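Dear colleague,

I am handing over the structure we spoke about, and it is shown just below. After it you will find an account of what was found, chain by chain, and then where the chains touch.

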Amino acid sequence: MKVAVIKYNAGNIRSVGFALDRLGIKAEITDDFDYIRKADKVIFPGVGEASTTMKHIRANGLDTLIKSLKQPVLGICLGQQLLCSHSEEGDTDCIGIFDVPVLKFPPLLKVPHMGWNCLHDTHGDLFAAIPANSYVYFVHSYYVPLCENTAASCEYITRFSAALQKDNFFATQFHPEKSGHIGHLILKSFIEL
Amino acid sequence: MIAKRIIPCLDIKDGQTVKGINFVNIKEVGDPVELGAKYAREGADELVYLDITATHEKRKLFTDLVKRIALHLNIPFTVGGGINEISDADRLLSAGADKISVNSSAVRNPQLIEDIASGYGSQFVVTAIDARLEEDGKWWVYVNGGRIRTEKELFSWAWEAQERGTGEILFTSMNHDGTKSGFACEALATLSENLSIPIIASGGAGQLQHFSEVFSRGKADAALAASIFHFNEIPIPVLKDYLRNQNIVVR
């Protein structure tokens, strides 16, 4: 099994690699297009700011590469947001796999939404083994509203998309690599797709 | 609903976990990676690893320990102690830390918070504040592990840290730390009401009810403790069950 974790100017990519280690998978953290194209699974992680990151991604042609992928692709956190159409963060046009915009949380509660929160309405391939109302770990100030691709939702200020799924593209707003045993099971489901 | 977080704190000295009582009298309590993994299994929501000698003795944190922690732990963890410049933050991020905490170095150079937040995001920077309520009725900020009093006051410094981009405040009451008599709920509630970022309460945990108080009366987002977990006086599953029965949302 070849798993590529896309390397770009984002923070804490290493922890995704470690989580895969714990699943017995030696992932390659790489920006090599050829490796990524041939990988069985591709993970697009991300912690950072949308406009700076998209600039970097476009400059390197990673946006075109990601759109062309046919194997299962998993975007995590900023990775989920960048797979959407547009982000209010820095008024940024994103990669556009999911036809939904990324919005800023209104400051009705503390922002960022940081900590453990429940998953609701889970469905789709990543959540078959996940009990209802399982807790996962979130850190984000922008959110994806509910849409036809929503695969799990979460409630904070508003009901939003905790996960998305469309064709071979999967995404989570939370960090499965930091979400304890539940996160482990979600990553395992992705790897076993 | 977002859950209130329970955060065991592991003070690290020479690669071992220790817990100081009132910042002195250090006792060893075990291997940091093993202990952290045990807490994660038991339901800890996050961990904090503090190199308690780093500031005083000008030592850097052992990056290798952070790498080992990152490899084994499947919950978020914060690393603090001896982070004096942006390159320290960068080194710890690369080693796999989810957040770093700054304390004395940020008091001396508040720009450090901005530098780290703009480089890596606010969620990466926790500002730890040690403060003592003194006879003048003010909470004064201390640095160097509680050894040196500064001219900064808790509430204005916490506000400044927020404005400079810190993602969370970790407030330790030196009056309460090590006493096991409960958290500084009034000061915590003031912090939580004045700021728009999460507040982590530290110092004074001794009994189950102290945790329900710190979340209800103290309005804290997270509670941190060390010795009661290290010496198994309050096992985390017991604490979580208790809080659930008190209608406090926990994982």
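How many helices and strands does the secondary structure of chain B come to? Before the answer, please keep in mind that this is a predicted model. In chain B the secondary structure amounts to 11 helices and 12 strands.

As for the overall form of chain B, its C-alpha trace spans about 45 × 45 × 40 Å along the principal axes. A compact globule of 251 residues would have a radius of gyration near 18 Å, and chain B, with 16 Å, agrees with that expectation. Buried residues account for 56% of the 251 residues in this chain. If one takes the contacts in chain B with a separation of 6 or more, 65% of them are between residues 24 or more positions apart.

Chain A can be described along the same lines. Its secondary structure comes to six helices and 13 strands, and its C-alpha atoms fill a box of roughly 45 × 35 × 30 Å when this is taken along the principal axes. For 193 residues, the radius of gyration of a compact globule would be near 16 Å, and the 15 Å of chain A agrees with this.

One sheet of chain A deserves a description of its own. Four strands of chain A form an open sheet in the order β6-β5-β7-β10, with mixed pairing. Because β6 (92-93) and β10 (142-143) of chain A stand at the edges and have a single partner strand each, one side of each is left without a neighbour in the sheet. Strand β5 of chain A, residues 86-87, pairs with β6(A) in the antiparallel sense over two bridges, and within this pairing A:His86 has A:Asp93 in β6(A) as its bridge partner.

Finally, which elements of chain B give two or more residues to the side that touches chain A? The contact itself involves 23 residues of chain B and 26 residues of chain A. On the side of chain B that touches chain A, the elements that give two or more residues are α3 (63-72) and α4 (86-95) of chain B. The residues on that side of chain B divide into 12 nonpolar, seven polar and four charged.

Methods. Residues are numbered from 1 along each chain as its sequence is written. Chains are lettered from A and ligands numbered from 1 in the order in which they are written. This is a predicted model: local features need pLDDT of at least 70, side-chain atom pairs count only at pLDDT 80 or more; totals for chains, interfaces and linings use all residues. Two strands pair if DSSP finds at least two bridges between them. The radius of gyration is taken over C-alpha atoms; the globule rule is 2.2 Å times the number of residues to the power 0.38. A residue is buried if 20 or more other C-beta atoms lie within 10 Å of its own, exposed if 12 or fewer, and partly exposed in between; C-beta atoms are placed from the backbone. Two residues are in contact if their C-beta atoms, placed from the backbone, lie within 7 Å. Ala, Val, Leu, Ile, Met, Phe, Trp, Tyr, Cys and Pro count as nonpolar, Asp, Glu, Lys and Arg as charged, and the others, Gly among them, as polar.
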